[in-house]
Amino acid sequence: MALETRVLQPDEWDVWYDHLELAFGGVPESAEERGLYRSLTEAERSLGVWDGGTCVGSAGAFSFRLSVPGGALVPAAGVTMVGVAPTHRRRRVLTSLMRRQLDDVRAGGEPLAVLTASDPAIYGRFGYGQAVYGLAVEIDTARVRLDVPPGADEVRLRLVDPEAALADCERVYAALVPGRPGMPARQPGWERQPLLDAPSLRGSGSPLKCVVAERADGEVVGYARYRVAPEWNLSGSQGRVEVGDLDALDPAAYAALWRYLFGIDLTWSVRAVKRPVDDPVLHLVSDVRRSQARVRDAMYVRLVDLPAALEARAYGAALDVVLEVEDAFCPWNAGRWRLTADAKGGARCARTADPAELALTVRELGAAYLGGVALTALAGAGRVRELRPGAVAEASRAFTGDVAPWLPHGF
Ligand SMILES: CC(=O)SCCNC(=O)CCNC(=O)[C@H](O)C(C)(C)COP(=O)(O)OP(=O)(O)OC[C@H]1O[C@@H](n2cnc3c(N)ncnc32)[C@H](O)[C@@H]1OP(=O)(O)O
(Lines give C-alpha, C1' and ligand atoms only; values in the text may rest on other atoms or scores of the structure.)
Protein backbone atom coordinates (compact mmCIF):
# COMPACT_ATOMS: atom_id res chain seq x y z
CA MET A 1 0.00 0.00 0.00
CA ALA A 2 1.30 3.48 -0.89
CA LEU A 3 2.15 5.78 1.98
CA GLU A 4 0.07 8.93 2.36
CA THR A 5 1.48 12.17 3.77
CA ARG A 6 -1.04 14.68 5.09
CA VAL A 7 -1.48 17.53 7.53
CA LEU A 8 -2.45 16.41 11.03
CA GLN A 9 -6.09 16.59 12.05
CA PRO A 10 -6.41 17.63 15.70
CA ASP A 11 -8.29 14.40 16.59
CA GLU A 12 -5.34 12.34 15.28
CA TRP A 13 -2.93 13.87 17.77
CA ASP A 14 -2.82 10.96 20.25
CA VAL A 15 -2.12 8.35 17.59
CA TRP A 16 0.45 10.65 15.96
CA TYR A 17 2.21 11.29 19.28
CA ASP A 18 2.09 7.60 20.27
CA HIS A 19 3.91 6.90 17.01
CA LEU A 20 6.52 9.52 17.89
CA GLU A 21 7.09 8.03 21.34
CA LEU A 22 7.58 4.65 19.70
CA ALA A 23 10.14 6.06 17.24
CA PHE A 24 12.05 7.42 20.26
CA GLY A 25 12.14 4.05 21.99
CA GLY A 26 8.64 3.70 23.40
CA VAL A 27 9.03 5.15 26.91
CA PRO A 28 5.78 7.03 27.56
CA GLU A 29 6.03 10.67 28.57
CA SER A 30 4.28 11.95 31.66
CA ALA A 31 0.72 13.21 31.28
CA GLU A 32 2.03 16.68 32.15
CA GLU A 33 4.57 16.72 29.28
CA ARG A 34 2.08 15.23 26.87
CA GLY A 35 -0.49 17.85 27.79
CA LEU A 36 2.01 20.66 27.25
CA TYR A 37 3.21 19.39 23.87
CA ARG A 38 -0.38 18.74 22.78
CA SER A 39 -1.21 22.37 23.49
CA LEU A 40 1.95 23.61 21.75
CA THR A 41 1.47 21.47 18.62
CA GLU A 42 0.52 23.57 15.62
CA ALA A 43 -1.65 21.00 13.82
CA GLU A 44 -1.64 22.86 10.51
CA ARG A 45 2.19 22.72 10.55
CA SER A 46 2.35 19.05 11.55
CA LEU A 47 2.68 16.26 9.03
CA GLY A 48 1.83 12.59 9.41
CA VAL A 49 2.77 9.76 7.10
CA TRP A 50 0.17 6.99 7.10
CA ASP A 51 0.36 3.39 6.01
CA GLY A 52 -3.32 2.50 5.95
CA GLY A 53 -4.56 3.39 9.43
CA THR A 54 -1.09 3.37 10.99
CA CYS A 55 0.98 6.49 11.51
CA VAL A 56 4.54 5.69 10.41
CA GLY A 57 6.11 9.13 10.08
CA SER A 58 5.84 12.57 11.66
CA ALA A 59 7.34 16.04 11.53
CA GLY A 60 6.14 19.30 13.01
CA ALA A 61 7.17 22.93 13.27
CA PHE A 62 6.76 25.64 15.87
CA SER A 63 6.36 29.24 14.70
CA PHE A 64 9.35 30.76 16.49
CA ARG A 65 10.89 34.19 16.27
CA LEU A 66 14.61 33.83 16.78
CA SER A 67 17.03 36.45 18.01
CA VAL A 68 19.84 37.09 15.49
CA PRO A 69 23.01 39.24 15.70
CA GLY A 70 21.92 42.87 16.02
CA GLY A 71 18.81 41.98 18.02
CA ALA A 72 16.19 41.47 15.29
CA LEU A 73 13.64 38.70 15.82
CA VAL A 74 13.46 36.58 12.67
CA PRO A 75 10.61 34.15 11.92
CA ALA A 76 12.00 30.63 12.12
CA ALA A 77 10.36 27.22 11.82
CA GLY A 78 11.32 25.26 14.93
CA VAL A 79 11.44 21.79 13.41
CA THR A 80 10.35 19.15 15.88
CA MET A 81 8.65 15.80 16.50
CA VAL A 82 10.46 14.05 13.66
CA GLY A 83 10.11 10.28 13.77
CA VAL A 84 9.82 7.32 11.45
CA ALA A 85 8.46 3.98 12.65
CA PRO A 86 11.06 1.23 13.12
CA THR A 87 9.12 -0.81 10.54
CA HIS A 88 9.55 1.91 7.88
CA ARG A 89 13.04 3.29 8.50
CA ARG A 90 15.53 3.90 5.69
CA ARG A 91 12.82 4.05 3.04
CA ARG A 92 13.20 7.82 2.52
CA VAL A 93 10.23 8.75 4.72
CA LEU A 94 12.33 11.36 6.54
CA THR A 95 13.64 12.68 3.23
CA SER A 96 10.11 13.14 1.89
CA LEU A 97 9.03 14.88 5.12
CA MET A 98 12.01 17.25 4.95
CA ARG A 99 11.20 18.03 1.30
CA ARG A 100 7.57 18.85 2.05
CA GLN A 101 8.40 20.77 5.21
CA LEU A 102 11.08 23.02 3.71
CA ASP A 103 8.80 23.79 0.76
CA ASP A 104 6.06 24.74 3.25
CA VAL A 105 8.45 26.89 5.30
CA ARG A 106 9.52 28.72 2.16
CA ALA A 107 5.89 29.24 1.06
CA GLY A 108 5.09 30.58 4.54
CA GLY A 109 7.85 33.18 4.26
CA GLU A 110 10.05 32.12 7.17
CA PRO A 111 13.71 32.78 6.26
CA LEU A 112 15.04 30.17 8.72
CA ALA A 113 14.43 26.66 9.94
CA VAL A 114 16.10 25.47 13.15
CA LEU A 115 16.22 22.23 15.06
CA THR A 116 17.89 20.22 17.78
CA ALA A 117 19.03 16.85 16.47
CA SER A 118 18.64 13.49 18.17
CA ASP A 119 21.73 12.48 16.21
CA PRO A 120 24.18 15.00 14.70
CA ALA A 121 24.66 12.88 11.56
CA ILE A 122 21.08 13.27 10.29
CA TYR A 123 20.44 16.84 9.17
CA GLY A 124 23.53 18.12 7.33
CA ARG A 125 22.26 16.47 4.13
CA PHE A 126 19.20 18.73 4.30
CA GLY A 127 21.33 21.89 4.63
CA TYR A 128 21.29 22.36 8.41
CA GLY A 129 24.53 23.67 9.90
CA GLN A 130 25.72 23.28 13.48
CA ALA A 131 25.33 26.88 14.66
CA VAL A 132 24.85 26.81 18.42
CA TYR A 133 26.81 24.89 20.99
CA GLY A 134 25.85 24.43 24.61
CA LEU A 135 27.95 24.19 27.74
CA ALA A 136 27.44 21.72 30.58
CA VAL A 137 29.20 22.14 33.92
CA GLU A 138 29.33 19.95 36.99
CA ILE A 139 31.11 21.99 39.61
CA ASP A 140 32.74 20.48 42.69
CA THR A 141 31.46 23.07 45.15
CA ALA A 142 33.50 21.63 48.02
CA ARG A 143 36.73 22.70 46.30
CA VAL A 144 35.80 25.42 43.84
CA ARG A 145 35.31 28.97 45.13
CA LEU A 146 33.36 31.78 43.51
CA ASP A 147 34.97 35.17 43.12
CA VAL A 148 31.86 37.38 43.14
CA PRO A 149 31.97 41.01 41.97
CA PRO A 150 31.18 44.01 44.19
CA GLY A 151 27.45 44.50 44.50
CA ALA A 152 26.55 40.83 44.95
CA ASP A 153 26.11 41.38 48.68
CA GLU A 154 23.44 44.01 48.03
CA VAL A 155 21.31 41.62 45.99
CA ARG A 156 18.34 40.25 47.93
CA LEU A 157 17.44 36.62 47.28
CA ARG A 158 13.98 35.23 47.87
CA LEU A 159 12.83 31.63 47.59
CA VAL A 160 9.46 31.73 45.88
CA ASP A 161 6.84 29.48 44.35
CA PRO A 162 7.90 28.96 40.68
CA GLU A 163 4.31 29.58 39.52
CA ALA A 164 3.97 32.79 41.52
CA ALA A 165 7.27 34.14 40.19
CA LEU A 166 6.57 33.25 36.57
CA ALA A 167 5.70 36.75 35.32
CA ASP A 168 8.88 38.21 36.84
CA CYS A 169 11.02 35.41 35.40
CA GLU A 170 9.48 35.92 31.97
CA ARG A 171 10.27 39.63 32.10
CA VAL A 172 13.93 38.85 32.75
CA TYR A 173 13.99 36.26 29.94
CA ALA A 174 12.38 38.69 27.47
CA ALA A 175 14.91 41.40 28.30
CA LEU A 176 17.79 39.04 27.46
CA VAL A 177 16.48 37.83 24.08
CA PRO A 178 17.62 40.70 21.80
CA GLY A 179 21.18 40.57 23.15
CA ARG A 180 21.65 36.85 22.72
CA PRO A 181 21.38 35.35 19.21
CA GLY A 182 19.71 31.97 19.11
CA MET A 183 17.22 32.63 21.90
CA PRO A 184 13.63 32.12 20.79
CA ALA A 185 11.33 34.94 21.92
CA ARG A 186 8.77 33.28 24.17
CA GLN A 187 5.66 32.30 22.23
CA PRO A 188 2.43 31.80 24.22
CA GLY A 189 2.52 28.55 26.17
CA TRP A 190 6.29 28.10 26.09
CA GLU A 191 6.67 29.78 29.49
CA ARG A 192 5.18 26.55 30.91
CA GLN A 193 8.03 24.37 29.64
CA PRO A 194 10.59 25.30 32.35
CA LEU A 195 7.92 24.61 34.99
CA LEU A 196 7.37 20.99 33.93
CA ASP A 197 7.74 19.03 37.15
CA ALA A 198 6.42 15.49 36.67
CA PRO A 199 8.05 12.93 39.00
CA SER A 200 9.64 11.23 35.95
CA LEU A 201 11.44 14.49 35.14
CA ARG A 202 12.68 15.01 38.68
CA GLY A 203 14.65 11.77 38.83
CA SER A 204 16.01 11.67 42.37
CA GLY A 205 15.57 15.43 42.70
CA SER A 206 13.15 17.55 44.69
CA PRO A 207 10.18 19.36 43.19
CA LEU A 208 11.22 22.43 41.22
CA LYS A 209 12.37 25.41 43.28
CA CYS A 210 12.78 29.01 42.28
CA VAL A 211 14.99 31.69 43.78
CA VAL A 212 14.69 35.28 42.56
CA ALA A 213 17.29 38.06 42.81
CA GLU A 214 15.94 41.51 43.64
CA ARG A 215 17.36 45.01 43.61
CA ALA A 216 16.90 47.19 46.69
CA ASP A 217 13.66 48.58 45.18
CA GLY A 218 12.23 45.05 44.93
CA GLU A 219 12.57 44.70 41.16
CA VAL A 220 13.35 41.13 40.11
CA VAL A 221 16.55 41.13 38.05
CA GLY A 222 17.36 37.43 37.99
CA TYR A 223 16.18 33.96 38.85
CA ALA A 224 17.29 30.37 39.08
CA ARG A 225 15.01 27.34 38.87
CA TYR A 226 16.59 24.21 40.24
CA ARG A 227 16.18 20.93 42.06
CA VAL A 228 18.11 19.46 44.98
CA ALA A 229 19.02 15.78 44.64
CA PRO A 230 19.94 14.54 48.11
CA GLU A 231 22.23 11.57 48.46
CA TRP A 232 23.75 9.93 51.51
CA ASN A 233 26.49 7.36 51.82
CA LEU A 234 28.85 6.22 54.59
CA SER A 235 30.80 9.48 54.34
CA GLY A 236 27.65 11.52 54.85
CA SER A 237 25.78 13.84 52.52
CA GLN A 238 26.68 13.85 48.80
CA GLY A 239 23.78 15.90 47.46
CA ARG A 240 23.74 17.73 44.14
CA VAL A 241 22.03 20.87 42.87
CA GLU A 242 20.59 20.55 39.36
CA VAL A 243 20.01 23.87 37.65
CA GLY A 244 17.12 24.10 35.20
CA ASP A 245 17.64 27.68 34.15
CA LEU A 246 19.43 30.72 35.51
CA ASP A 247 19.14 34.20 34.01
CA ALA A 248 20.08 37.63 35.29
CA LEU A 249 20.18 41.19 34.01
CA ASP A 250 23.38 42.28 35.76
CA PRO A 251 26.63 40.71 36.99
CA ALA A 252 25.84 41.23 40.68
CA ALA A 253 22.52 39.36 40.49
CA TYR A 254 24.10 36.71 38.31
CA ALA A 255 26.93 36.03 40.76
CA ALA A 256 24.59 36.17 43.77
CA LEU A 257 22.43 33.44 42.24
CA TRP A 258 25.40 31.17 41.60
CA ARG A 259 26.69 31.82 45.12
CA TYR A 260 23.30 30.81 46.48
CA LEU A 261 23.35 27.55 44.51
CA PHE A 262 26.90 26.83 45.67
CA GLY A 263 25.89 27.28 49.30
CA ILE A 264 22.89 24.97 49.58
CA ASP A 265 23.49 22.79 52.63
CA LEU A 266 24.22 19.07 52.24
CA THR A 267 25.10 19.46 48.54
CA TRP A 268 28.61 19.24 47.11
CA SER A 269 28.15 19.82 43.43
CA VAL A 270 26.13 21.99 41.05
CA ARG A 271 25.21 20.69 37.63
CA ALA A 272 23.91 22.93 34.84
CA VAL A 273 23.60 21.46 31.38
CA LYS A 274 22.09 24.10 29.12
CA ARG A 275 24.41 27.06 29.45
CA PRO A 276 25.91 29.31 26.75
CA VAL A 277 29.49 28.41 25.82
CA ASP A 278 30.67 31.88 26.96
CA ASP A 279 28.85 31.62 30.28
CA PRO A 280 30.46 34.08 32.73
CA VAL A 281 30.39 31.37 35.41
CA LEU A 282 33.61 30.06 33.82
CA HIS A 283 35.23 33.32 34.97
CA LEU A 284 33.69 33.34 38.45
CA VAL A 285 35.03 29.93 39.48
CA SER A 286 38.43 29.54 41.10
CA ASP A 287 39.06 26.22 39.33
CA VAL A 288 37.66 25.69 35.87
CA ARG A 289 39.12 22.19 35.71
CA ARG A 290 37.02 21.01 38.65
CA SER A 291 33.99 22.58 36.97
CA GLN A 292 34.05 19.82 34.35
CA ALA A 293 33.03 22.00 31.42
CA ARG A 294 31.85 20.11 28.37
CA VAL A 295 30.61 21.46 25.05
CA ARG A 296 28.16 19.80 22.69
CA ASP A 297 26.04 20.68 19.67
CA ALA A 298 22.76 22.36 20.60
CA MET A 299 20.98 23.93 17.61
CA TYR A 300 21.20 23.59 13.83
CA VAL A 301 20.26 26.42 11.47
CA ARG A 302 19.06 26.17 7.88
CA LEU A 303 18.78 29.23 5.67
CA VAL A 304 15.51 28.73 3.77
CA ASP A 305 15.41 32.17 2.14
CA LEU A 306 19.10 32.98 1.86
CA PRO A 307 18.97 36.69 0.97
CA ALA A 308 16.19 37.45 3.49
CA ALA A 309 18.10 35.64 6.23
CA LEU A 310 21.43 37.33 5.48
CA GLU A 311 19.80 40.76 5.33
CA ALA A 312 17.95 40.25 8.63
CA ARG A 313 21.06 40.12 10.80
CA ALA A 314 23.64 42.76 11.62
CA TYR A 315 27.39 42.37 11.01
CA GLY A 316 30.25 43.27 13.30
CA ALA A 317 32.36 44.88 10.55
CA ALA A 318 31.79 46.34 7.10
CA LEU A 319 31.65 43.64 4.45
CA ASP A 320 31.55 43.30 0.69
CA VAL A 321 31.93 39.73 -0.49
CA VAL A 322 30.70 37.52 -3.32
CA LEU A 323 29.59 34.07 -2.15
CA GLU A 324 29.28 31.00 -4.37
CA VAL A 325 26.69 28.90 -2.56
CA GLU A 326 25.82 25.24 -3.12
CA ASP A 327 22.39 24.12 -1.99
CA ALA A 328 21.33 20.82 -3.52
CA PHE A 329 18.21 20.40 -1.34
CA CYS A 330 16.84 23.96 -1.76
CA PRO A 331 18.23 24.96 -5.17
CA TRP A 332 16.53 28.39 -5.08
CA ASN A 333 19.38 29.44 -2.74
CA ALA A 334 22.18 28.14 -4.97
CA GLY A 335 24.40 30.41 -7.02
CA ARG A 336 26.35 33.61 -6.63
CA TRP A 337 25.37 36.27 -4.14
CA ARG A 338 26.93 39.61 -3.25
CA LEU A 339 26.59 40.38 0.46
CA THR A 340 27.35 43.93 1.53
CA ALA A 341 26.99 45.26 5.04
CA ASP A 342 28.04 48.28 7.00
CA ALA A 343 29.09 47.96 10.61
CA LYS A 344 26.02 49.96 11.74
CA GLY A 345 23.61 47.16 10.80
CA GLY A 346 22.34 47.60 7.24
CA ALA A 347 22.94 44.61 4.94
CA ARG A 348 22.07 43.83 1.34
CA CYS A 349 22.23 40.47 -0.42
CA ALA A 350 21.52 40.16 -4.15
CA ARG A 351 22.39 37.89 -7.06
CA THR A 352 25.50 38.84 -9.00
CA ALA A 353 27.55 37.68 -11.97
CA ASP A 354 30.79 39.04 -10.43
CA PRO A 355 33.61 36.58 -9.69
CA ALA A 356 33.10 34.54 -6.50
CA GLU A 357 35.38 35.25 -3.51
CA LEU A 358 34.24 32.50 -1.13
CA ALA A 359 32.75 29.11 -1.99
CA LEU A 360 30.71 27.19 0.55
CA THR A 361 27.49 25.22 0.98
CA VAL A 362 24.37 26.54 2.65
CA ARG A 363 25.27 24.34 5.61
CA GLU A 364 28.37 26.44 6.38
CA LEU A 365 26.33 29.63 6.06
CA GLY A 366 23.81 28.18 8.52
CA ALA A 367 26.62 27.29 10.93
CA ALA A 368 28.10 30.82 10.79
CA TYR A 369 24.75 32.63 10.69
CA LEU A 370 24.26 33.31 14.40
CA GLY A 371 27.85 34.45 14.87
CA GLY A 372 29.07 31.54 16.99
CA VAL A 373 31.04 29.56 14.40
CA ALA A 374 33.91 31.33 12.66
CA LEU A 375 34.20 31.04 8.89
CA THR A 376 37.95 30.85 9.46
CA ALA A 377 37.44 27.63 11.45
CA LEU A 378 35.23 26.19 8.72
CA ALA A 379 37.88 27.17 6.17
CA GLY A 380 40.47 25.39 8.33
CA ALA A 381 38.35 22.26 7.99
CA GLY A 382 38.26 22.71 4.21
CA ARG A 383 34.55 23.50 4.25
CA VAL A 384 34.89 27.11 3.05
CA ARG A 385 37.14 27.82 0.05
CA GLU A 386 38.83 31.19 -0.31
CA LEU A 387 38.90 32.35 -3.94
CA ARG A 388 40.22 35.87 -3.19
CA PRO A 389 43.06 36.20 -0.65
CA GLY A 390 41.79 37.78 2.56
CA ALA A 391 38.10 37.10 1.88
CA VAL A 392 37.73 34.44 4.61
CA ALA A 393 39.19 36.63 7.35
CA GLU A 394 37.10 39.64 6.30
CA ALA A 395 33.86 37.69 6.17
CA SER A 396 34.64 35.82 9.36
CA ARG A 397 35.22 39.08 11.27
CA ALA A 398 31.90 40.47 10.06
CA PHE A 399 29.89 37.32 10.81
CA THR A 400 31.32 36.57 14.27
CA GLY A 401 29.47 38.12 17.19
CA ASP A 402 30.39 39.54 20.59
CA VAL A 403 28.38 36.94 22.47
CA ALA A 404 28.00 33.26 21.72
CA PRO A 405 24.58 32.22 20.43
CA TRP A 406 22.56 30.26 22.93
CA LEU A 407 19.57 27.95 22.95
CA PRO A 408 18.33 27.94 26.55
CA HIS A 409 15.76 25.15 26.16
CA GLY A 410 14.91 22.19 23.99
CA PHE A 411 11.99 22.02 21.59
C1 LIG B 1 14.27 17.60 14.96
C2 LIG B 1 13.99 16.23 15.55
O3 LIG B 1 12.89 15.95 15.89
S4 LIG B 1 15.30 15.13 15.71
C5 LIG B 1 14.56 13.58 15.99
C6 LIG B 1 14.79 12.59 14.87
N7 LIG B 1 14.10 11.33 15.27
C8 LIG B 1 14.72 10.25 15.84
O9 LIG B 1 15.93 10.24 16.05
C10 LIG B 1 13.82 9.10 16.25
C11 LIG B 1 14.41 7.74 15.83
N12 LIG B 1 14.82 7.67 14.43
C13 LIG B 1 13.91 7.85 13.41
O14 LIG B 1 12.75 8.15 13.62
C15 LIG B 1 14.41 7.67 11.99
O16 LIG B 1 15.41 6.68 11.93
C17 LIG B 1 14.97 8.98 11.35
C18 LIG B 1 13.90 10.06 11.41
C19 LIG B 1 16.20 9.47 12.11
C20 LIG B 1 15.39 8.69 9.91
O21 LIG B 1 14.24 8.38 9.13
P22 LIG B 1 14.35 7.51 7.77
O23 LIG B 1 13.03 7.59 7.12
O24 LIG B 1 14.90 6.19 8.09
O25 LIG B 1 15.43 8.37 6.94
P26 LIG B 1 15.66 8.32 5.37
O27 LIG B 1 15.38 6.92 4.87
O28 LIG B 1 14.93 9.42 4.70
O29 LIG B 1 17.23 8.59 5.33
C30 LIG B 1 17.83 9.63 4.62
C31 LIG B 1 19.32 9.56 4.80
O32 LIG B 1 19.63 9.84 6.17
C33 LIG B 1 20.43 8.79 6.71
N34 LIG B 1 20.06 8.63 8.13
C35 LIG B 1 18.83 8.43 8.60
N36 LIG B 1 18.86 8.38 9.95
C37 LIG B 1 20.15 8.52 10.31
C38 LIG B 1 20.82 8.52 11.55
N39 LIG B 1 20.16 8.37 12.72
N40 LIG B 1 22.15 8.72 11.55
C41 LIG B 1 22.81 8.89 10.39
N42 LIG B 1 22.22 8.90 9.17
C43 LIG B 1 20.91 8.70 9.13
C44 LIG B 1 20.07 7.58 5.89
O45 LIG B 1 21.08 6.59 5.95
C46 LIG B 1 19.95 8.19 4.50
O47 LIG B 1 21.26 8.42 4.01
P48 LIG B 1 21.61 8.46 2.44
O49 LIG B 1 20.85 9.63 1.87
O50 LIG B 1 23.08 8.64 2.42
O51 LIG B 1 21.12 7.15 1.89
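Reader: Which residues does Val114 touch, leaving out those up to four places away in sequence?
Author: In this predicted model, Val114 touches Leu66, Ala76, Gly78, Val79, Met299, Tyr300 and Val301.

Reader: And what about the largest nonpolar core, how many residues has it got?
Author: The largest nonpolar core has 78 residues. Val114 is among those with the most contacts inside it, along with Leu112, Ala113, Ala131, Val301 and Leu358.

Reader: Which strand gives the most to this core?
Author: That's strand 3, residues 54-67, which puts in seven residues.

Reader: OK, so where does this core lie?
Author: It lies between domain 1 (4-115) and domain 3 (305-399), because both of them give residues to it. Apart from it there's another core, of 35 residues, including Tyr173, Val243, Val281 and Val285.

Reader: Is Arg90 buried or exposed?
Author: Exposed, because Arg90 has 7 C-beta neighbours inside 10 Å, and the cut-off for exposed is 12 or fewer.

Reader: What about Gln292, where is that found?
Author: Gln292 is in the loop between helix 7 (281-284) and strand 14 (294-303). Gln292 also has a positive phi, about 45°, without being a glycine. It counts as partly exposed because it has 13 C-beta neighbours inside 10 Å.

Reader: Last one: what does UniProt list for residues 3-149?
Author: The unreviewed UniProt entry lists "domain: N-acetyltransferase" there. In the model that span is 24% helix and 35% strand, with its end C-alpha atoms 61 Å apart.

Definitions and conventions: Residues numbered from 1 in each chain as written. Predicted model: local features only at pLDDT ≥ 70, side-chain atom pairs only at ≥ 80, totals over all residues. UniProt positions renumbered as here; feature names shortened; annotations may be inferred. Helix = DSSP H or I, 4+ residues; strand = E, 2+ residues; numbered from the N terminus. Buried ≥ 20, exposed ≤ 12 C-beta atoms within 10 Å, placed from the backbone. Core = buried A, V, L, I, M, F, W, Y, C linked by C-beta atoms within 7 Å. Domains from an automatic or database assignment. Contact = placed C-beta atoms within 7 Å.
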